[in-house]
Amino acid sequence: MRDAHPAERRVGIEFYRSDADGTGGRLRERPEDFRVRELETVTPAPLDAASGDYPHLLLRVTLRGWDTNDFAHRLSNALGISRERVSWAGTKDKHAVTTQLFSLANVDPDDLPDVADADVEVLGRVGRALRFGDLAGNEFGIRVSDADPGTVGAVTADLRVGDADADAPADVAVPNYFGHQRFGSRRPVTHEVGLCLARGEWREAVLAYVGNPADAEPPATREARAFVDDQAGTDDPDWAAAAERMPGALRFERSMLHRLADAEPEAPAGWRHALEAVPTNLQRLFVNAAQSYAFNRIVSERLRRGVPLDRPVEGDVVCFADGDAPEALSRPDTDRTQVATGARVDVMARHCDRGRAFVTAPLVGVETDLAEGEPGEIEREILDDLGIAPADFDLPGAFHSTGTRRAVQLRTRVDVDTATDAYDLSFALPSGSYATVLLREYLKVPPTEL
């Protein structure tokens, strides 16, 4: 196996599946070079349906150069409503052209604002707000520019599964890592915040987010975060001064610091209150990032030990494929699981070979059942190393998590079109999986360039 980039190892990604040299190259030279379209699962009622039964307006929005959270903030400000009334099924990249669903609580379609670089289509009404994961998956069309396409075939050959014609679109598989951006592309700290929460370290969680400067940040931001760290080390920290120093664009950090300034000094409840200054989806993201980091570590340890990802061994928890997924989508259904023991190991291995089942690892939470055998040994070893256990996720409010399981391998069909110094990749992925974990195998560049 080929070792991952050092920055990737910070978030638990230890290896590449492909040993071939990367193509290098650049992504997102233009937003149009990175296109994402949600594979939708939501069927709305007509626009004239009773608003009492269907209080949420459903929109299909095509964004050019918009971060999902920033667009939601812009929309709520223009409508004069709380940001909590804007919901979506999946977060998308800013440097792209993305088509995705949004729902708005108790909003009249005639009040929708015009927003630059956003095409808004009103689809109808739905009975509840969209929740994260309310989509089957995403279709991607990606151009890699300034690349050496000569190694594309070797990478594809390393990733290929099955016996398809080499000239046809390839069925490929990669470790189903959470991509680097899950943790913060420039400053990967969200998992550090979440791990502190699971350990009951509220003060450390706040400081990991608000302080803790990163080299990749602008100088003014680094200086502001360093000032926070300095204040945290004093007997009488001046959080109001820290808030004033924080750049205006870092509104969540400023909100946390203002809450600290108004709280009783060093009161435990004050630290939690400060962390709750961020929207509930970001509160959940902190915990999800901690779960994701542990998952990445578990997958990497399986690879290190030579425990397969594509078929179960004794004690593995296997889930079945989603029979309702679109035809081109290999989507696990983690609500339908079975432990592979005895004769079931070979039976479940055959299901995995045919794409009908997937080996899983935990996204640990209070209802998580860990595996048995060597897979369970790996899971417990990683959790012990992190100082966390399933019961630690019995947290207040949006920080609480029941946990689930996730496939350890990601399978898809890739269509490749090469040019002299560029190539195009087209593929579809189930919701919750990251295009960058496939792209990293092809480019083999630092994660900040993906």
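Reader: How many of the nine residues of strand β4 (residues 56–64) are buried?

Author: This is a predicted model, in which local features need pLDDT of at least 70 and side-chain atom pairs pLDDT 80 or more, while totals for chains, interfaces and linings use all residues. Residues are numbered from 1 along each chain as its sequence is written, and side-chain values use heavy atoms, without hydrogens and water. Strands are DSSP runs of E with at least two residues, numbered from the N terminus; buried means under 20% relative accessible area (1.4 Å probe, protein chains only). In β4, seven of the nine residues are buried, and the strand is mostly covered.

Reader: With which strand does β4 pair over nine bridges, and in which sense?

Author: Two strands pair if DSSP finds at least two bridges between them. β4 pairs with β6 (residues 97–105) in the antiparallel sense over nine bridges. Eight bridges, also antiparallel, join β4 to β7 (residues 118–126). L59 stands opposite F102 in β6, and its bridge partner in β7 is V122.

Reader: Which elements give two or more residues to the lining of the second largest pocket?

Author: A pocket is an open set of points on a 1 Å grid over the protein atoms alone, where a 1.4 Å probe fits, with protein on both sides within 12 Å along at least five of seven lines; lining residues have an atom within 4 Å of a point. Of its 17 lining residues, V317, T337, E367, D369 and R405 are the closest to the centre. The elements in question are β11 (332–339) and β13 (404–407), and β11 gives the largest share, five residues.

Notes
Buried means under 20% relative accessible area, exposed over 50%, partly exposed in between (1.4 Å probe, protein chains only). Helices (H or I, at least four residues) and strands (E, at least two) are DSSP runs, numbered from the N terminus.
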